[in-house]
Amino acid sequence: MKKIEILDSTLRDGAQGEGISFSVQDKLHICRELDELGVTYIEAGNPGSNPKDMEFFKAVADVKFKNAQVCAFGSTRRKNCRCEDDANLKSLLAANTKTVVIFGKSWTFQVTDILKTTPEENLKMIRESCEYLVKNGRKVIYDAEHFFTAYEEDKAYALESLKAAVEGGASVLCLCETKGGFMIDECRRAVAEVVKLYGKKVTVGIHTHNDCGLAVANSLVAVKEGATHVQGVLLGFGERTGNANLSTIIPNLQIKMGYQVIPQESLKNLTSSCKRVAELTNIRVNPQSPYVGKDAFAHKAGMHIDAVLKNPFAYEHIEPESVGNSRVFLMSEVAGRSTILEKIRRFAPEVKRNDPIVSDLMAKVKELESAGYQFEGADGSFELLVRKMLGQYKPFFKLHYYQTTGSNPRPEEGVCCCAQIKVEVDGNFEITAGEGDGPVNALDIALRKALEKFYPVVSNFRLVDYKVRVLDSKSATAARVRVIIESTDGQTSWTTVGVSSDVIEASWIALVDSFELKLSK
């Protein structure tokens, strides 16, 4: 199997996405996760751009990796400056990584109008920077910025810029589709020519952006044309519409196209790695992400589910377990007996197809969904409903009362609501209060404080998403609402639902289910 190198740029290019900010500790944790996954390179930041990145490179020097090399990232030297005097190149050496990634200009427009220098000087900047880093013992990955735009507008100069990097000693020529606007055939032609010219001398790579939704497709096409180095971000986030999504590229290359990308035994950890990186980044994995999303192998239609239970190949292109994901049957009022039975058997395998509980549960689900509940997006509440009907459920606490009060924002940032709560556990009472940036947040904090005394495990999970939907808007302020809450402990996630004409009560119902489900496990 042909080997494909993967360079993950979550910590550099991914960090340019809106709302993304990593601490040094975050970056160290993500590096360990990516190393366990088996990527070849981790592009971890620009030591010349800010003190935090340089602090990271000092800290990561003491970490032992088994698969990946951490790389520092920077630019070629400045115009009309010696490499020995260039602060950026000196910071790359100071980062003390065996491999460095430097970018240079391929496009004459960027050279003359942005750098304000001559095409000749730019070629010297590329050649001399690569040469300087190689002489100082570094392997150089050269990122040819705007290469595809340059190839279309001035092919001769674009190829000259690559030649300068090769002459300087670069080991990898990575062609960057920086604008993200090129079509598949345009990408194919450019990569094919570069592979023909330089593929026997150096490794040819690809770096794409997703502005036309083609980052993954262009990366795969580049590999088909001979590129053996692929750059991207594990979850595809980044500047504008994001980078090439490695959680899709890796299994496509390894499972579908027959390339060796990461260790085979690591492929089954792909979904869990994505979840942990998302948690550290403080984002959610898109539920519909190929391979790793929670809906990637979700089935709802009764006929589909019946077929999948007989043979998953009927509607699934791979086994979910091969990438560490799992099959999901969505519960709804249109679900058939097979759906109900399969979901029950996950925690009550003794239940048979003709057991009366199956019919009773189908009737109960239809009754609740007609009242506004929705279980296809609330697997946690459905599990609790089944446990109650099977007699397997015992409440972990009893509510005596709760109340919330709201006001204008207080002097403390993020505090605008208070909640007070009284609960009972095995005859013991606890009264607590919580402050938050909304009534549900305040209730969550108050309930957590009350229960931690009895169940310390509740401190290990948190709410990550909260949705409200008005069910009958014609009733105006008396309308019933459905609240769905998603919770996570960093390893797994679960969703719960509540319905009421009072949004706080609906939120409370969903919140209690979230706590009860975690405690029941």
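**Entry 1: threonine 149**

I began with threonine 149, which counts as buried at 7% relative accessibility, and I note at once that I am reading a predicted model. I placed this threonine in helix H6, which covers residues 147-153. Setting aside residues up to four places away in sequence, I found that threonine 149 touches Trp107, Lys179 and Phe182.

**Entry 2: the chain as a whole**

I then stepped back to the protein chain, in which I counted 18 helices and 16 strands. Taken along the principal axes, its C-alpha atoms fill a box of roughly 80 × 60 × 50 Å. I looked up burial for the 521 residues of the chain and noted that 54% of them count as buried. For contacts with a separation of 6 or more, I recorded that 65% come from residues 24 or more positions apart.

**Entry 3: arginine 78**

I looked for arginine 78 and found it in the loop between strand E3 (69-75) and helix H3 (87-94). With a relative accessible area of 48%, arginine 78 is partly exposed, since the exposed class begins over 50%. Leaving out its neighbours within four places in sequence, I listed Asp85, Asp86, Ala87 and Met125 as the residues in contact with arginine 78. I also checked arginine 78 against alanine 61: the two are 17 residues apart in sequence, and their C-alpha atoms are 27 Å apart in space.

**Entry 4: salt bridges around arginine 12**

I turned to the salt bridges, of which the structure holds 27. Which residues pair with arginine 12? One partner is aspartate 13, with the closest N and O atoms 3.7 Å apart, and another is glutamate 43, where the N to O distance is 3.0 Å. I placed glutamate 43 in strand E2 (residues 41-43) and arginine 12 in the loop between strand E1 (5-8) and H1, so this pair ties together parts that are 31 residues apart in sequence.

I then asked about burial at this site. Arginine 12 counts as buried at 12% relative accessibility, and glutamate 43 is buried with a relative accessible area of 0%.

**Entry 5: glutamate 430 and lysine 453**

Next I followed the salt bridge between glutamate 430 and lysine 453, whose closest N and O atoms are 3.4 Å apart. This pair links distant parts of the chain, with glutamate 430 in strand E13 (residues 428-436) and lysine 453 in the loop between helix H17 (439-452) and strand E14 (462-470), 23 residues apart. Are the two partners buried or exposed? Glutamate 430 is buried, with a relative accessible area of 17%, whereas lysine 453 counts as exposed at 60% relative accessibility. I also noted a network in which salt bridges that share partners join Arg284, Asp465, Lys467 and Glu486.

**Entry 6: helix H1 against helix H2**

I went on to helix packing, for which two packed helices are described by the angle between their axes and the distance between the axes. The axes of helix H1 (residues 24-37) and helix H2 (residues 51-60) come within 9 Å and cross at roughly 45°, which makes H1 oblique to H2. I recorded the crossing of H1 past H2 as right-handed. On the H1 side I listed Val24, Lys27, Leu28 and Cys31, which meet Lys52, Asp53, Glu55, Phe56, Ala59 and Val60 in H2. Sorted by class, this contact of H1 with H2 has six nonpolar and four charged residues, and no polar ones.

**Entry 7: helix H16 against helix H18**

I finished with helix H16 (residues 379-390) and helix H18 (residues 503-520), whose axes come within 9 Å and cross at roughly 65°. H16 and H18 are therefore roughly perpendicular to each other, as the perpendicular class runs from 65 to 115 degrees. In this case I recorded a left-handed crossing of H16 past H18. The residues that make the contact are Gly380, Ser381, Glu383, Leu384 and Arg387 of H16, together with Asp513, Glu516, Leu517 and Ser520 of H18.

Key. Residues are numbered from 1 along each chain as its sequence is written. This is a predicted model: local features need pLDDT of at least 70, side-chain atom pairs count only at pLDDT 80 or more; totals for chains, interfaces and linings use all residues. Side-chain values use heavy atoms; hydrogens and water are left out. Axes are lines fitted to C-alpha atoms, for helices over the stretch in contact, and angles run from 0 to 180 degrees between N-to-C directions. Helices (H or I, at least four residues) and strands (E, at least two) are DSSP runs, numbered from the N terminus. Angles under 35 degrees count as roughly parallel, over 145 as roughly antiparallel, 65 to 115 as roughly perpendicular and the rest as oblique. A crossing is left-handed if the near helix is turned anticlockwise from the far one by less than a right angle, and right-handed if clockwise. Contact means heavy atoms within 4.5 Å. Ala, Val, Leu, Ile, Met, Phe, Trp, Tyr, Cys and Pro count as nonpolar, Asp, Glu, Lys and Arg as charged, and the others, Gly among them, as polar. A salt bridge is a side-chain nitrogen of Lys or Arg within 4 Å of a carboxyl oxygen of Asp or Glu. Buried means under 20% relative accessible area, exposed over 50%, partly exposed in between (1.4 Å probe, protein chains only).
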